[in-house]
Amino acid sequence: MLYVDGKWVEQGEAAVQPEDRGYNFGDGIYEVVRIYQGRLYQWDAHMVRLYRSAREIRLTLPWSEAELTAIARQLLVKNNITPADDAILYLQITRGAAPRQHDIPADGIRPVIMAFVRRKERPLKELQTGISAKLVADIRWLRCDIKTLNLLGAVLVKQEAKDAGAADCILHRDGIVTECSAANLFAVKNGELYTHPANHLILHGITRQTVIDLAQQAGIPVHEQAFDTTFVRQADELFLTGTTSEVMPIISVDGQPVGSGQVGPMVRKLQELFEANINQSVQV
Ligand code: PDD
């Protein structure tokens, strides 16, 4: 069952208003939350980011965090998500429906919420073997820190990578590397981690922050500083982080091996720390 605009409906029964601004303009925000063994992972951090995204697009959410949490819990129950299930929870909020105009309607517009859960296995095979990536120009807008429904840039860059036979893209703006289509990027050099600073050019990934925290607790130096495509090609190891991709090794870029071309020791170490963090995470 899905939760759509205040009602519980079956898949296929959900309706979208033709002039919903999410539908017309991508005028809305979303979150994807991981469910490990029937439990929401890092729900609180996703709520913090959702409210931040709302503020940044000048959208006042009519729901409290407690109300959204109640909806999430009911979604798990109504869809029989049990400790045997790994899944994702998708939650989106659009500004609502109003006669089409670009600027934000002054009043009479009510945000529309939609949420569902879907069973989804962890990418265990890829986490072991690693994936390939292609360097692609970052053609997205300049507020990548907001998790908005406007994902056409992400769609096109990911497809460009896929067309070249790569699993994902590594995005760069004039040679400065930002992130991937739906994940953040880290490079490893001489036992230290490098990742783009959390500014307007990347999404402030929750997995990214978790990995930074875990690395620092383990005494691994982390540099939140921009680097270029040459640094990527010369990295000892590369990996991306995201809610569904976790700590995913990248073993080749543009067909060239990264480091040894095998999944490296730093990625393995961080995967172990991440796994322990999943298991220790508390029930929301
Ligand atoms: N993507 N960068 C971008 C552009 C993203 O879309 C995402 C998440 C991330 C990683 O953020 P987090 O660790 O909080 O998931 C980085 C989600 C999963 C998606 O759109 O499917």
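A polar contact is here a pair of N or O atoms within 3.5 Å, and in this predicted model an oxygen atom of the ligand lies 2.8 Å from a polar backbone atom of Ile 206. A nitrogen atom of the ligand is also 2.6 Å from a polar side-chain atom of Glu 179, while a ligand nitrogen atom stands 3.3 Å from an N or O atom in the side chain of Lys 147. These contacts are set out below.

| Residue | Protein atom | Ligand atom | Distance |
|---|---|---|---|
| Glu 179 | side chain, polar | nitrogen | 2.6 Å |
| Ile 206 | backbone, polar | oxygen | 2.8 Å |
| Lys 147 | side chain, N or O | nitrogen | 3.3 Å |

On its own the ligand has 470 Å² of accessible area, of which the protein covers 88%, and the space that the ligand takes is the largest pocket.

The shell around the ligand numbers 17 residues, of which Tyr 30, Glu 179, Ile 206, Thr 207 and Thr 243 come nearest. By residue class, the shell divides into six nonpolar, seven polar and four charged residues. Strand E3 (28–36), helix H6 (206–217) and strand E13 (237–242) each contribute at least two residues to the shell, and at least three shell residues are drawn from each of domain 1 (2–121) and domain 2 (125–281).

Note on methods. Residues numbered from 1 in each chain as written. Predicted model: local features only at pLDDT ≥ 70, side-chain atom pairs only at ≥ 80, totals over all residues. Heavy atoms only, no water. Near = heavy atom within 4 Å. Polar contact = N/O pair within 3.5 Å; in protein donor to acceptor, adjacent residues only side chain to side chain. Areas by Shrake-Rupley, 256 points an atom, 1.4 Å probe, with all protein chains shown as cover. 1 Å grid on protein atoms, 1.4 Å probe; cavity = no way out; pocket = protein on both sides within 12 Å on 5 of 7 lines; lining within 4 Å. Sits in = over half its atoms within 2 Å of the grid points. Helix = DSSP H or I, 4+ residues; strand = E, 2+ residues; numbered from the N terminus. Nonpolar A, V, L, I, M, F, W, Y, C, P; charged D, E, K, R; others polar. Domains from an automatic or database assignment.
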